[in-house]
Amino acid sequence: MSAVAIRIGLRYVAAFLVSHGLMAEGVTDFVYDPDLSEMVQVGLGAVTAGAAEGWYYLAHRFGWAK
């Protein structure tokens, strides 16, 4: 899988996690507090977005982005 495809995939996952965390009410799959669940989802989205941008930086640094 190419670096570009991985980076794009990470951005879609981040967007899903952030939007789901901000818009979903009453999501209690792994915690019982909806506010905590929302914070965890937004946090995971932010970490995933950071990973995508980190991958972008590495791709340019090592010449993977062509």
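The charged end of R61 sits over the ring of F62, at 5.9 Å from its centre; a charge sits over a ring if NZ of Lys or CZ of Arg is within 6 Å of the ring centre and within 35 degrees of the ring normal. R11 likewise lies over the face of Y56, 5.9 Å from the ring centre. Keep in mind that this is a predicted model, where local features need pLDDT of at least 70, side-chain atom pairs count only at pLDDT 80 or more, and totals for chains, interfaces and linings use all residues. Residues are numbered from 1 along each chain as its sequence is written, and side-chain values use heavy atoms, with hydrogens and water left out.

Now to helix α2, residues 34-62 (helices are DSSP runs of H or I, at least four residues, numbered from the N terminus). Its 29 residues reach 42 Å from first C-alpha to last, close to the 42 Å expected at 1.5 Å a residue; the expected span is 1.5 Å times one less than the number of residues. After α2 comes G63, with a positive phi near 80°.

Let's step inside at T48, a residue of α2. T48 counts as buried because its relative accessibility is 14% (buried is under 20% relative accessible area, exposed over 50%, partly exposed in between, with a 1.4 Å probe and protein chains only). Beyond its neighbours within four places in sequence, T48 is in contact with L10, V13, A14 and L17, contact meaning heavy atoms within 4.5 Å.

L58, also in α2, is partly exposed because its relative accessibility is 33%.

Terms used: Helices (H or I, at least four residues) and strands (E, at least two) are DSSP runs, numbered from the N terminus.
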